[in-house]
Amino acid sequence: QVQLVESGGGLVQAGGSLRLSCAASGRTFTTYVMGWFRQAPGKEREFVASIHWSGETTYNSNSIKGRFTISRDNAKNTVYLQMNSLKPEDTAVYYCAVRNPVRSEYAYWGQGTQVTVSL
């Protein structure tokens, strides 16, 4: 059974940093694309960033504008999201997800971790 478990969320003041982690189990995702999404209250879920097994990254530059960095440790089947210069508008539930690189849809999702940024 595939499981994605996020951790690292919490409450932080504006300008602060958090590092999210997502550990995958149940199978090896070495060749898959791992991504982060977020959903704020009353808003649709939005793409944040993704990373290919090769290390190639894609960001939603409009919303994070160079403040976030995605990385992965294939040996640990884990993806990370380093978030710096956090803003109140970054407040959301953050989800990690995994997809086959030849498919567009993410097949596996974590349960989410809450990130709250206060003024």
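Student: Hey, which residue does the disulfide join to C22?
Tutor: That's C96, with an S to S distance of 1.9 Å. A disulfide here is a pair of cysteine sulfur atoms within 2.5 Å, and by that rule the count comes to one. This is a predicted model, where local features need pLDDT of at least 70 and side-chain atom pairs count only at pLDDT 80 or more, while totals for chains, interfaces and linings use all residues. Residues are numbered from 1 along each chain as its sequence is written, and side-chain values use heavy atoms, leaving out hydrogens and water.

Student: Are they buried or exposed?
Tutor: Both C22 and C96 are buried. Buried means under 20% relative accessible area, exposed over 50%, and partly exposed in between (1.4 Å probe, protein chains only).

Student: New topic: what order do the four strands of the open sheet come in?
Tutor: β1-β3-β8-β7, with antiparallel pairing. Two strands pair if DSSP finds at least two bridges between them. The edge strands, β1 (3-7) and β7 (68-73), each pair on one side only.

Student: How many bridges do β7 and β8 have?
Tutor: Six, and β8 covers residues 78-83. T69 stands opposite Q82 in β8.

Student: And what's in the loop between β7 and β8?
Tutor: N77 is one of its residues. The phi of N77 is near 55°, a positive value in a residue other than glycine. Most residues other than glycine have a negative phi. At 12% relative accessibility, N77 counts as buried.

Methods
Helices (H or I, at least four residues) and strands (E, at least two) are DSSP runs, numbered from the N terminus.
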